[in-house]
Amino acid sequence: MLHTASFYDPLHWEGQSYRVSRAHPRGMRAQWETAPFLYPPGELLRAYRSGALDFAALTRQYLQGLDAAYGRLDEFREWARGLLALGHVTLLCFERGEKPCHRRVAARWLLERVPGLQRGNLR
């Protein structure tokens with residue numbers, strides 16, 4: 001079952017947690033694995049933070065990048081299929097609450113690509 005949560009809300013973490021952001025919070029001890037396949041490109045984040053892209057444009061470009069990487073990287077497909085064996089998995093990044101966030105975009109994308117992967121709480 002696939003869940004999402006903020007780094008700052010560990011009570012929402014279920015099972016194995018994966019960082020899907022390019023960095024992790026300062027001062028927090030890493031209690032998660034990394035999922036670099038799901039990191040948004042730095043230039044995409046900079047464009048969004050500067051206001052050059054809105055969240056809809058960021059989402060479109062991020063999804064295009066995920067599709068391209070998934071199509072060409074065997075290790076990405078193997079990692080994604082391996083999520084099923086873990087039971088519960090949580091994708092982590094910085095945004096709290098219902099703010100727009102790439103972790104929920106990544107989760108929905110994975111749910112479409114990995115047969116049998118079930119949706120949990122997408123926070």
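## Salt bridges and packing in a predicted chain

Asp67 is partly exposed, with a relative accessible area of 38%; on this scale buried means under 20%, exposed over 50% and partly exposed in between, using a 1.4 Å probe and protein chains only. The model is a predicted one, so to speak of conventions: local features need pLDDT of at least 70, side-chain atom pairs count only at pLDDT 80 or more, and totals for chains, interfaces and linings use all residues. Residues are numbered from 1 along each chain as its sequence is written, and side-chain values use heavy atoms, with hydrogens and water left out.

### Salt bridges

Let us stay with Asp67 and look at its partner. The side chain of Asp67 meets that of Arg113 in a salt bridge, 2.8 Å from N to O; the term stands for a side-chain nitrogen of Lys or Arg within 4 Å of a carboxyl oxygen of Asp or Glu. This pair links distant parts of the chain, since Arg113 belongs to helix α4 (residues 102–113) and Asp67 to helix α2 (residues 55–72), 46 residues apart. Helices here are DSSP runs of H or I with at least four residues, strands are runs of E with at least two, and both are numbered from the N terminus. Arg113 is partly exposed, at a relative accessible area of 26%.

Arg113 also forms a salt bridge with Glu112, where the closest N and O atoms are 3.2 Å apart. Glu112 is exposed, with a relative accessible area of 64%. Through shared partners, salt bridges join Asp67, Glu112 and Arg113 into one network.

Asp74 and Arg77 form a salt bridge too, and their closest N and O atoms are 2.1 Å apart. These two residues are three apart in helix α3 (residues 74–82), which means that about one helical turn separates them. Asp74 counts as partly exposed, at 46% relative accessibility. By the rule given above, the count comes to three salt bridges, and here they are side by side:

| Salt bridge | Closest N to O distance |
|---|---|
| Asp74 and Arg77 | 2.1 Å |
| Arg113 and Glu112 | 3.2 Å |

Charge can also be viewed over the whole chain. There are 18 positive and 12 negative side chains, and the centres of the two sets lie 5 Å apart. In that count Lys and Arg are positive, Asp and Glu are negative, and His and the chain ends are not counted. Each charge is placed at NZ of Lys, CZ of Arg, CG of Asp or CD of Glu.

### The chain as a whole

The chain has four helices and five strands, and from the N terminus on they run β-β-β-α-α-α-β-α-β. A compact globule of 123 residues would have a radius of gyration near 14 Å, and the chain agrees with its 14 Å. That radius is taken over C-alpha atoms, and the globule rule is 2.2 Å times the number of residues to the power 0.38. Along the principal axes, the C-alpha atoms fill a box of roughly 40 × 35 × 20 Å.

Of the 123 residues, 42% count as buried. The chain exposes about 6,900 Å², of which carbon and sulfur atoms supply 49%; these areas come from the Shrake-Rupley method with a 1.4 Å probe, and for residues only the protein chains shown count as cover. Among contacts (heavy atoms within 4.5 Å) between residues at least 6 apart in sequence, 61% join residues at least 24 apart.

Where does Leu110 sit? Leu110 has its place in helix α4, and at 0% relative accessibility Leu110 counts as buried. Not counting residues up to four places away in sequence, Leu110 touches Leu2, Leu38, Trp79, Ala80, Leu83, Leu91 and Leu117. Leu110 and Leu92 are 18 residues apart in sequence, with 14 Å between their C-alpha atoms.

Ser17 is in strand β2 (residues 16–19). Ser17 is buried, with a relative accessible area of 3%. Leaving aside neighbours within four places in sequence, Ser17 is in contact with Gln31, Trp32, Glu33, Thr90 and Leu92.

Met28 lies in the loop between β2 and β3 (33–34) and is partly exposed, at a relative accessible area of 24%. Beyond residues up to four places away in sequence, Met28 touches Phe7 and Tyr8. The C-alpha atoms of Met28 and Tyr8 are separated by 9.4 Å, with the two residues 20 apart along the chain.
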